[in-house]
Amino acid sequence: MESNSAARRPEDIALDLLKFVAAHTNVASKSSGSTTGFGVPAASKPEDQVANLLELYAKCRAAVETPVK
């Protein structure tokens, strides 16, 4: 039986971080806000919005997977 305190996968943590950043910076909206290091320019096409979200996810993965010193 697995407990709720079991370690989560970095991918899942990065996805939660992406959701948090996107929600608080309006990344998915046409008039995008910006948070240092995570802001993406407003995208006019859906394909650009998807590309921006994938780039943001990559940044979140890198942030989550960076070893703590």
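Predicted model: local features only at pLDDT ≥ 70, side-chain atom pairs only at ≥ 80, totals over all residues.
The chain has two helices and zero strands, and buried residues make up 17% of its 69 residues. Of the contacts with a separation of 6 or more, 40% are between residues 24 or more positions apart. The chain exposes about 5200 Å², of which carbon and sulfur atoms supply 59%.

Let me turn to helix α2, which runs over residues 46-65; at 1.5 Å a residue its 20 residues should span 28 Å, and this agrees with the 28 Å between its end C-alpha atoms. The buried residues of α2 are Asn52, Leu56 and Cys60. Around the axis they cover an arc of only 80 degrees, so they sit on the same side of α2. These buried residues pack against α1, residues 10-25, whereas Glu47 and Leu54, on the other side of α2, are exposed.

Now to the charged side chains, where the count comes to five salt bridges. One of them joins arginine 61 to glutamate 11, with the closest N and O atoms 3.8 Å apart. Because arginine 61 lies in helix α2 and glutamate 11 in helix α1, this pair ties together parts that are 50 residues apart in sequence. Arginine 61 is partly exposed at 24% relative accessibility, and glutamate 11 is likewise partly exposed, at 27%. Glu11 and Arg61 are also linked with Glu65 in a network of salt bridges.

Elsewhere, arginine 8 forms a salt bridge with aspartate 16, the closest N and O atoms being 2.3 Å apart, while arginine 9 meets aspartate 12 at 3.4 Å, N to O.

Definitions and conventions: Residues numbered from 1 in each chain as written. Heavy atoms only, no water. Helix = DSSP H or I, 4+ residues; strand = E, 2+ residues; numbered from the N terminus. Buried < 20%, exposed > 50% of the residue type's maximum accessible area, 1.4 Å probe, protein only. Contact = heavy atoms within 4.5 Å. Areas by Shrake-Rupley, 256 points an atom, 1.4 Å probe, with all protein chains shown as cover. Expected span 1.5 Å × (residues − 1). Arc of directions from axis to C-beta. Salt bridge = Lys/Arg side-chain N within 4 Å of Asp/Glu carboxyl O.
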